[in-house]
There are 2 protein chains.
Amino acid sequence: MKKTARSRTRSAKPAKKSRKAKPRMRPLKAKAPSVKGGRNLHSVQDRLHELKRRLLVISDLGSAGAVLGWDEATYMPKGGAVARGRQSATLSRIRHERSVDLGLGALIDSLVPHAKSLPPDSDDAALIRVAHRDYQKAIKVPAEWVERVSRHGSASYDAWIRARPANDFATMRPFLEKTIELSREYAGFFAPYDRILDPLIDDSDEGMTTASIQKLFKELRRELVPIVRAIADQPLADDGCLRGAFGENAQLSFSLDVASRLGYDLDRGRLDKTHHPFCTKFGGGDVRITTRVREDDLGDALFSTVHEAGHAMYEQGVSRALDGTPLGSGVSAGVHESQSRLWENVVGRGRAFWEHFFPALQRLFPDQFSGVALDTFYRAINKVERSLIRTDADEVTYNLHVMLRFDLELDLLEGRLAVKDIPDAWRARMKSDLGVAPPDDRDGCLQDVHWYGGGLGGGFQGYTLGNILSAQFYAAATKANPAIPSELAAGEFRTLHGWLTDNLYRHGRKFTPNNLIERATGEPMTMRPYLAYLRNKYGELYRLPAAA
Amino acid sequence: MKKTARSRTRSAKPAKKSRKAKPRMRPLKAKAPSVKGGRNLHSVQDRLHELKRRLLVISDLGSAGAVLGWDEATYMPKGGAVARGRQSATLSRIRHERSVDLGLGALIDSLVPHAKSLPPDSDDAALIRVAHRDYQKAIKVPAEWVERVSRHGSASYDAWIRARPANDFATMRPFLEKTIELSREYAGFFAPYDRILDPLIDDSDEGMTTASIQKLFKELRRELVPIVRAIADQPLADDGCLRGAFGENAQLSFSLDVASRLGYDLDRGRLDKTHHPFCTKFGGGDVRITTRVREDDLGDALFSTVHEAGHAMYEQGVSRALDGTPLGSGVSAGVHESQSRLWENVVGRGRAFWEHFFPALQRLFPDQFSGVALDTFYRAINKVERSLIRTDADEVTYNLHVMLRFDLELDLLEGRLAVKDIPDAWRARMKSDLGVAPPDDRDGCLQDVHWYGGGLGGGFQGYTLGNILSAQFYAAATKANPAIPSELAAGEFRTLHGWLTDNLYRHGRKFTPNNLIERATGEPMTMRPYLAYLRNKYGELYRLPAAA
């Protein structure tokens with residue numbers, strides 16, 4: 001499972017989004033500012049200082065929780081599980097108490113008017129804006145709802161762990177029905193809204209709505225389905241060279257070497273093995289990635305590592321001045337995913353990249369690759385296939401998997417689809433979009449953990465937004481620095497990494513996602529570069545007609 | 001450096017003992033019990049439940065801090081250090097706030113009378129007693145003192161890191177002078193006392209005093225000095241077989257295999273490499289150990305691992321019913337150290353143990369050991385030597401190093417010794433007790449971190465108490481189960497481990513150290529078994545006259 005850096009503490013089990021509880025009372029709109037240790041904080045500077053102090057404690061508690069999550073996924077002995085669950089919950093609860101503290105709310109409210117007098121691009125103005133947004137969201141969600149969703153999510157996840165291998169959708173039905181009720185309740189805390197998914201989308205992709213995503217997805221689907229059909233008429237690429245016997249240590253050291261060459265700073269990071277790859281951040285000086293290794297499949301560890309390194313380079317690149325504040329991380333699921341996809345797909349599955357790295361791979365695994373041509377290898381790592389499992393899908397078909405889930409979520413939440421009808425709806429849509437249908441629910445509607453950990457809605461669109469944005473950002477970087485493609489072929493990544501750092505990474509959450517995209521690329525989010533990228537790359541690989 | 005499991009979060013830097021701050025006001029002695037969420041907690045059961053809930057949060061925060069400390073010492077990239085220090089401090093501060101909370105104090109006070117009506121051996125009676133003791137100690141120490149000692153300790157430690165290699169005692173003088181002032185202040189919070197060291201000793205070894213330790217040490221020293229002199233007149237044992245080229249992975253897997261055979265449960269533990277070996281606990285299901293490895297010296301990793309596994313088996317053996325309460329850990333520094341010493345020295349450096357394990361070691365390192373006799377190896381691992389460094393000392397001379405430090409601490413705190421005179425006093429005492437004197441301060445009074453991390457006093461006696469108790473416990477176990485020595489020679493440790501679990505480990509902090517010793521061995525702490533052990537073992541090894 002690919003995860004964004006924002007879902008830090010996930011191991012196998014998805015985090016409970018950023019839905020937070022509110023105290024019993026709404027904070028008073030304080031004219032007189034908050035107090036600390038009995039002293040009135042009269043000056044704006046004192047209040048800003050106190051705000052940062054409080055936010056730093058909240059950040060520290062989040063980072064401590066992330067360390068516990070990383071340890072749980074990497075090295076914790078199995079006997080530690082029960083206490084670890086409780087310890088993580090204790091940290092979350094204390095963090096939450098601090099996040100909805102009445103004094104914090106009063107402090108933020110007293111600073112909002114001041115923010116208007118600051119330059120809008122200043123760090124302090126952004127800090128007040130983001131702290132205000134986070135606080136207002138947090139206090140809308142009752143603590144008792146958080147408790148309920150947490151208990152339900154654990155029970156649902158535990159049931160799913162057994163139900164998926166047993167192909168037992170019936171067991172999951174009542175869980176899913178309750179999950180949908182909880183998601184509807186959650187949306188209700190943010191009423192009024194246009195569409196019920198809007199508040200859920202806003203949690204991870206601020207500025208996007210059901211309507212704007214539907215518009216994008218409709219356009220993308222219109223282009224993708226014919227491409228997939230045209231490719232499907234051709235024989236499959238031969239990816240046999242990726243199957244064989246690849247030693248674990250050799251895979252890990254090659255993968256980490258590649259990540260480091262791309263710009264992942266090992267003085268501020270490390271790579272470990274986990275069941276599911278992820279990226280996690282404990283501060284700008286410590287951003288870690290994990291991968292899994294299959295000794296019979298070269299692609300898994302390598303591309304997972306590059307994917308997570310993309311997330312990690314984003315987090316490592318956030319200005320250190322924003323560290324420990326709510327501005328000190330990536331801005332949205334979509335923008336975050338754009339960086340994992342840019343490095344994994346646009347760069348890491350590109351021909352130029354392998355012009356440089358393939359000889360090293362051949363030296364590392366001579367038995368496998370000494371007789372293999374670069375072109376054969378390049379086709380193997382870009383094989384397009386109509387497949388059942390989203391996480392194994394190639395970059396062309398991947399988006400169709402995402403859209404299927406997004407549309408079903410909307411139908412479920414808006415009452416057009418009943419839980420009992422999910423398996424049929426899933427098969428029908430797979431058949432129409434991808435031309436294959438799962439023989440069972442295990443590899444159909446039971447495959448993703450997202451719906452079975454207590455949350456449904458708003459968790460998938462970021463993957464496709466990321467694909468779209470990866471091409472838009474890469475095009476802008478290349479327009480500003482036309483030498484980038486030839487630099488990639490020479491194993492030189494500093495110009496690209498530098499452009500991304502300057503235009504995206506360093507800003508953290510300082511600008512809204514839409515603002516950031518427009519500042520970096522000169523225009524709002526657009527599908528054009530992504531479609532051009534797909535048509536060029538796969539048109540050439542599969543000799544598609546120019547019209548496709 | 002060998003550390004007890006109680007000093008959990010230490011890496012290189014010593015923890016700041018268990019000196020805690022007090023709130024501005026003393027808690028009111030509440031007749032009406034504490035409240036939770038607005039409800040009065042009328043029944044004793046409700047109040048006990050609430051007490052356990054609050055103590056569990058404090059325990060969880062401590063465990064989370066311990067995970068951060070373990071990660072810092074094992075896998076944290078260097079860029080993570082600054083944020084990690086702050087995150088650990090944040091967790092400590094919040095844990096401390098909860099530990100001195102006025103409501104907690106009122107709750108405990110309201111339960112103290114109830115404890116008198118419970119069977120004195122019941123878990124609940126012990127819980128109330130220990131919670132009361134911990135709370136009363138915590139609130140006596142002002143928060144501002146904790147802040148001062150923490151800042152001073154960091155500055156002193158940073159200076160020492162440079163001063164020791166530079167042999168620069170002069171730089172450390174003003175730091176030490178301030179450290180002594182802070183220790184005197186700390187003792188003052190617990191006035192009146194008989195001797196200034198008493199409150200500091202009580203923190204780690206409840207029930208011991210300056211007077212009782214001086215009495216023990218005087219007796220031990222009278223016996224040890226002649227033994228050391230008699231051994232010194234003989235040629236040194238040849239320990240050349242321990243020097244060579246021992247692969248790191250082979251050493252680690254052999255060491256861990258030995259630890260596991262002794263009874264260290266790997267489903268609830270693991271072994272990693274650190275600069276200094278230690279043991280740390282995140283709950284009864286997760287007790288980890290670390291070691292260091294020198295490829296040119298077999299003894300370091302092996303005996304460090306067995307030593308830390310001794311601490312870990314103690315912690316793993318605490319009854320799970322006490323998990324997450326203040327009763328759920330080892331009872332004192334001395335009793336804890338007795339378990340590391342029992343397994344490392346009494347068992348792990350014993351002839352019977354190696355009758356079983358030496359053939360396996362020979363198979364693992366045939367180049368080193370195929371021609372070496374068991375007796376040669378046994379003499380090598382028990383070589384007695386007049387040496388300068390405490391942590392490298394053998395089990396005979398080790399106690400002399402400890403007594404030197406204990407006596408100097410007492411002289412410093414009671415004003416009979418000035419800081420400037422430490423180097424001379426150190427050399428004089430080394431000369432008289434061990435017959436060697438350090439050529440410089442680096443390997444003299446600058447060698448131990450203990451004095452240079454902000455705390456002086458009460459940190460050393462536990463090592464020698466542990467040596468004394470290790471023999472007392474082993475003698476009691478063997479008296480109850482005379483087959484134990486022959487079982488050790490057969491690689492069978494369950495009887496010994498079982499006796500220790502039943503008589504020591506499972507009780508955690510339920511009984512005072514002195515109570516526990518008497519329950520387990522039928523008598524108060526006594527030197528007799530330890531002196532008999534040393535005379536037997538080293539009398540035979542070095543053919544000492546029976547009188548020595």
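This is a predicted model: local features need pLDDT of at least 70, side-chain atom pairs count only at pLDDT 80 or more; totals for chains, interfaces and linings use all residues.
Visitor: What makes A:Arg84 and B:Asp286 a salt bridge?

Guide: Their side chains come to 3.7 Å, N to O. The cut-off is 4 Å between a side-chain nitrogen of Lys or Arg and a carboxyl oxygen of Asp or Glu, so the pair A:Arg84 and B:Asp286 qualifies. Across the interface of chain B and chain A the rule finds ten salt bridges.

Visitor: Which elements give two or more residues to the side of chain B that touches chain A?

Guide: They are helix H1 (44-74) and helix H2 (81-99) of chain B. The residues on that side divide into 15 nonpolar, seven polar and 13 charged.

Visitor: How is the size of this interface expressed, and what is the value for chain B and chain A?

Guide: The size of an interface is often given as the accessible area lost when the parts come together. Chain B and chain A bury about 2800 Å² between them, with 57% of it on carbon and sulfur atoms. B:Asp60, B:Tyr75 and B:Pro77 supply 18% of the area that chain B buries against chain A, more than any other three residues.

Visitor: Why is A:Asp286 called buried?

Guide: The relative accessible area of A:Asp286 is 2%, and buried means under 20%, so the label applies. A:Asp286 is found in the loop between strand S4 (279-281) and strand S5 (287-291) of chain A. Its contacts include A:Arg268, B:Met76 and B:Arg84, and a polar contact of 2.8 Å joins its side chain to that of A:Arg288.

Visitor: What makes B:Asp433 buried but B:Arg221 partly exposed?

Guide: B:Asp433 has a relative accessible area of 5%, which is under the 20% limit. B:Arg221 has 30%, and partly exposed lies between that limit and 50%. Their side chains meet in a salt bridge at 2.6 Å, N to O. B:Asp433 lies in helix H16 (residues 422-434) and B:Arg221 in helix H8 (residues 210-232) of chain B, so the pair ties together parts that are 212 residues apart in sequence.

Key. Residues are numbered from 1 along each chain as its sequence is written. Chains are lettered from A and ligands numbered from 1 in the order in which they are written. Side-chain values use heavy atoms; hydrogens and water are left out. Buried area is the accessible area (1.4 Å probe) that two parts lose on being put together, summed over both. Helices (H or I, at least four residues) and strands (E, at least two) are DSSP runs, numbered from the N terminus. Ala, Val, Leu, Ile, Met, Phe, Trp, Tyr, Cys and Pro count as nonpolar, Asp, Glu, Lys and Arg as charged, and the others, Gly among them, as polar. Buried means under 20% relative accessible area, exposed over 50%, partly exposed in between (1.4 Å probe, protein chains only). A polar contact is a pair of N or O atoms within 3.5 Å; within protein, one must be able to donate a hydrogen and the other to accept it, and residues adjacent in sequence count only if both atoms are side-chain atoms. Contact means heavy atoms within 4.5 Å. Lists of a residue's contacts leave out its neighbours within four places in sequence.
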